Amino acid sequence: MHGQPKDSQASSWLFLETGGNRPEGKVLETVGVFEVPKQNGKYETGQLFLHSIFGYRGVVLFPWQARLYDRDVASTTPEKTENPAGHGSKEVKGKTHTYYQVLIDARDCPHISQRSQTEAVTFLANHDDSRALYAIPGLDYVSHEDILPYSSTDQVPIQHELFERFLLYEQSKVPPFVARETLRAWQEKNHPWLELSDVHRETTENIRVTVIPFYMGMREAQNSHVYWWRYCIRLENLDSDVVQLRERHWRIFSLSGTLETVRGRGVVGREPVLSKEQPAFQYSSHVSLQASSGHMWGTFRFERPDGSHFDVRIPPFSLESNKDEKTPPSGLHW
């Protein structure tokens, strides 16, 4: 990360390195005071936090209750069930887990751009081009355990174009930032395309893959319907050994009966290195089907320093459409 939190015995102050462009170099500036992370419950709208993995400053907009399908703690019953991916697997039961829609501080985006996309939330455009996508910079989805909460006396502690548009400072509140009507309206209007409902996770040889799919909407193209999904993937190295992602291998099954195989180098044009210092990489991509549902699964091929390779499983996940959609996503319009 671009700065390190410093804990003193007297109090847990959060310091970050700033001023990298100054002739005298970087300096430590006080950002706020760490709070005790919540083991239970959830964080409220307006909670400031430091991301425990990517190190950026952010603020919680609102929570989502997701179903986490963790194949690392799959049911231990001996019966095998055929999952939609076409290979036997232990039954995986979803458990409720809290995730958050957050804003990323724009000052921190350059420091995390090599490890996490800062334009991960995308929408289908409102015009006729069915393939047109647009992104909102500095939006992210964060799990409960990613949050290191802190407080600040700054009335505008997060630099983002939507911060003051979405949040209002009220000194008497805890946290002292409350949702404006514009945030509530934006959340309600875009709920079908923002909603995080299912999270899938699996670990292979100490590489954990987390996948979150999002339905984006349907477009008509050449007298047929095209359904779009976004999927966000986080790769985490839980070991101290350095590994590098070299290839991806996807299988995409559509309810229309088609099965597509996709192979390629790296992901989103990169071949990220996962090390003890930078153990995680996060990105998002898109897929479209000519059916209202389908499934995806596959593997990532990683390379060790000695040149050997190993495959990491991507947990199977379903692509489901929202049947009750009535209007296209409206993005920032309300």
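Which residue stands opposite Tyr69 in S14?

A word on the ground rules. This is a predicted model, so local features need pLDDT of at least 70 and side-chain atom pairs count only at pLDDT 80 or more, while totals for chains, interfaces and linings use all residues. Residues are numbered from 1 along each chain as its sequence is written, and side-chain values use heavy atoms, with hydrogens and water left out.

Let's start with the overall picture. The protein has three helices and 22 strands; these are DSSP runs numbered from the N terminus, with helices being H or I of at least four residues and strands E of at least two. Of the 334 residues, 48% are buried, where buried means under 20% relative accessible area, exposed over 50% and partly exposed in between, using a 1.4 Å probe and protein chains only. Take the contacts (heavy atoms within 4.5 Å) between residues at least 6 apart in sequence: 64% of them join residues at least 24 apart.

Now to strand S4, residues 57–70, which is mostly covered, with 10 of its 14 residues buried. Strands count as paired if DSSP finds at least two bridges between them. S4 pairs with strand S3 (residues 48–51) in the antiparallel sense over three bridges, and there Leu48 stands opposite Val59. These two strands form a hairpin with five residues between them, and Gly55 in the turn has a positive phi of about 75 degrees. With S14, S4 runs parallel, joined by four bridges. And here is our opening answer: Tyr69 stands opposite His200 in S14.

On to the aromatics. Rings of Phe, Tyr and Trp (its six-membered ring) pair if their centres lie within 6.5 Å; planes under 30 degrees apart are stacked, over 60 edge-to-face, and the rest tilted. A search of the whole structure finds 16 aromatic pairs. Among them is Trp250 with Phe300, edge-to-face at 6.3 Å centre to centre and 85 degrees between the planes. That pair links distant parts of the chain, as Trp250 is in strand S17 (residues 243–254) and Phe300 is in strand S21 (residues 293–303), 50 residues apart. Both Trp250 and Phe300 are buried. Ring pairs also bring Tyr231 and Phe317 into a cluster with Trp250 and Phe300.

There is a charge to point out too: the charged end of Arg230 sits over the ring of Phe214, 4.2 Å from its centre. The rule here asks for NZ of Lys or CZ of Arg within 6 Å of the ring centre and within 35 degrees of the ring normal.

What about the backbone? Val174 and Pro175 are joined by a cis peptide bond, with omega about -5 degrees, and Pro175 is in the loop between strand S12 (167–169) and strand S13 (177–179). Asn206 has a positive phi near 65 degrees, in a residue other than glycine, and lies in the loop between strand S14 (198–204) and strand S15 (207–221). Val268 has a positive phi as well, near 40 degrees, and is found in the loop between strand S18 (259–265) and strand S19 (273–274). Asn206 is partly exposed at 36% relative accessibility, and Val268 is partly exposed at 37%.
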